[in-house]
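Me: I am new to this structure. Please show me how to read a few of its features.

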Amino acid sequence: ITYNIKMGLFSKQISECGWGPQLTLTMPSCTTSSSGSPCDRTYRLYLPDGVCTKQGNNDIIPLMFAMHCYGCTSQIMEGFRETSDKFGMALVLPDGKHRSWNAVNCCGQALTDDLDDIGFLRNIIKELTTQYTIFEYDFTYGVGWSNGG
């Protein structure tokens, strides 16, 4: 089974599940800072086997974001793959800039640079729901650890 991806006037197909490549999202209306460019943000997408074997292209697949702790990388959240497989949810692993998230009162370089991490997550959702017919904004969930929670 393949799923259509909406990409402007063109249509591509997904036929493989598992871990995709690291994706880069350039934040709109972003300016660079002295500590590097906060404009280019990265994340990974995991599609469980059940997504690729479902019948019909009209199925909606929930998105589950797993946010890493301060000082960690998204790889530490790969254990949520089992949950993704069990419940048929796509797993999104965003990377905090400088291994941190701007959680208003905590922590690290993301807070110091006043990065718009909420905007980053919203833009991932927008990108995925625009490009993939199997995702919808209303079916987005999140889990997090420490600074990512």
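Me: Is Cys107 buried or exposed, and what is its relative accessible area?

Reply: Buried means under 20% relative accessible area, exposed means over 50%, and partly exposed lies in between (1.4 Å probe, protein chains only). Cys107 has a relative accessible area of 18%, so Cys107 is buried. Before going on, note that this is a predicted model: local features need pLDDT of at least 70, side-chain atom pairs count only at pLDDT 80 or more, and totals for chains, interfaces and linings use all residues. Residues are numbered from 1 along each chain as its sequence is written, and side-chain values use heavy atoms, with hydrogens and water left out.

Me: How many disulfides are there?

Reply: A disulfide is a covalent bond between the sulfur atoms of two cysteines. The rule here is a pair of cysteine sulfur atoms within 2.5 Å. That rule gives two disulfides. One links Cys69 and Cys72, with S to S at 2.0 Å. Both Cys69 and Cys72 are buried. Cys106 and Cys107 form a disulfide too, with sulfur atoms 1.3 Å apart. Cys106 is partly exposed, at 28% relative accessible area.

Me: What kind of peptide bond joins Cys106 and Cys107?

Reply: Most residues other than glycine have a negative phi, and most peptide bonds are trans. The bond between Cys106 and Cys107 is cis, with omega about 15°.

Me: What is phi of Arg99, and what is phi of Ser146?

Reply: Arg99 has a positive phi, near 60°. Arg99 is partly exposed, at 46% relative accessibility. For Ser146, phi is also positive, near 55°. Ser146 is exposed, at 59% relative accessibility.
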